[in-house]
Amino acid sequence: MTNPNNPSSSDTSHILHERLILQKTKQNAIHLVKNLNCWGKALSDVSILQKMPNVQILSLSVNKISTLRDFSGLRDLRELYLRKNEVRDMSEVRHLQNLHNLSVLWLMDNPITDQIDYRMKVIAALPQLNKLDSNEISNEERILATQKYPTMDAIINASLSSPVPSRRSDYTSPSVKHSPQVKPSPQRSYASRSPPGRRVELEQQQQNSIPHSQPPSNPVRPSPQRSQWAAPSDVKLPHALNMREDETYVYNQFDQNGEVERLRGTVENLQLQLQVQQEKQQLMEEKHRIISQRDNGVLEATLLLIRSLNPSQLASVRQEIERLTPL
């Protein structure tokens with residue numbers, strides 16, 4: 001069985017291919033694509049995006065992407081959805097710094113979000129953002145982030161001091177890791193042999209003697225609240241059980257916009273074909289007009305010639321016409 005984290009050269013299912021892009025977008029060429037949704041395809045290689053300079057909306061959530069390098073040349077990119085991927089290193093964010101049109105970025109459920117001060121670091125590195133994950137970026141957050149992390153080097157150095165766990169499944173919440181374990185008291189066996197009234201009294205003493213777990217020194221940061229957006233009842237949302245509501249809505253809307261653009265392109269093609277047909281018709285009419293004028297000129301010249309003939313010549317012409325004219 002092929003290891004998905006280290007695919008062999010014969011397995012290309014982890015690579016984003018041109019065929020899949022054209023199938024999803026119904027376009028004729030990948031450089032024409034503006035909106036692309038390849039959610040949940042187990043993709044780890046998206047280097048073909050370097051050939052798509054006009055893309056504006058990308059949804060690549062629930063894949064296995066570990067680097068942001070392939071997004072660095074997408075100058076028109078406005079919204080990037082990368083939930084549930086494998087982006088781990090904060091230095092990867094530097095590949096998005098020159099994308100000045102990027103206003104929405106989703107990195108939720110990536111290992112990078114386990115870092116301390118993750119949100120502040122990303123806001124400081126990408127001041128062009130208006131929304132990070134499910135929350136809008138406030139002016140106060142932007143100012144605090146810039147003051148705390150004035151340069152990318154400061155962000156990376158701070159990230160090195162708070163490394164991300166090697167595997168998310170091995171990560172244990174501090175509140176669980178440092179909570180004191182309560183050992184069973186030997187008095188329970190004694191209480192079980194005591195009279196009922198004495199047994200209740202001993203059990204109450206045992207409960208009072210159990211030390212309460214102290215709050216952790218480094219509590220777990222609460223996850224951002226879910227969006228309050230509710231989908232209209234007449235809108236069908238793809239992957240509604242797995243994607244965030246607003247992310248799903250955005251791509252449902254852009255899928256509709258893409259369909260409108262395709263229909264508009266079909267109408268334009270029909271208009272162009274009609275225009276070509278009209279031009280052909282005009283050319284045919286002009287050709288018939290020229291032929292008609294030429295025939296009229298030949299007829300006039302023939303009549304002038306006939307008028308100049310004497311009677312004997314006219315008789316010879318009549319005989320020749322009768323010979324050539326079929327019965």
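In this predicted model, helix α2 (residues 118-125) packs against helix α3 (residues 139-148) at an angle of about 85°, and their axes lie 8 Å apart. Helices here are DSSP runs of H or I with at least four residues, numbered from the N terminus; axes are lines fitted to C-alpha atoms over the stretch in contact, and angles run from 0 to 180 degrees between N-to-C directions. The angle therefore makes α2 roughly perpendicular to α3, a term for angles of 65 to 115 degrees.

Arg119, Met120, Ile123 and Ala124 of α2 meet Glu141, Arg142, Leu144, Ala145 and Thr146 of α3, where contact means heavy atoms within 4.5 Å. Arginine 119 and glutamate 141 also form a salt bridge between their side chains, at 2.7 Å from N to O. The two residues are 22 residues apart in the chain. A salt bridge requires a side-chain nitrogen of Lys or Arg within 4 Å of a carboxyl oxygen of Asp or Glu, and six are counted by this rule.

Residues are numbered from 1 along each chain as its sequence is written. Local features need pLDDT of at least 70, side-chain atom pairs count only at pLDDT 80 or more, totals for chains, interfaces and linings use all residues, and side-chain values use heavy atoms, without hydrogens and water.

Notes:
Parallel < 35°, antiparallel > 145°, perpendicular 65-115°, else oblique.
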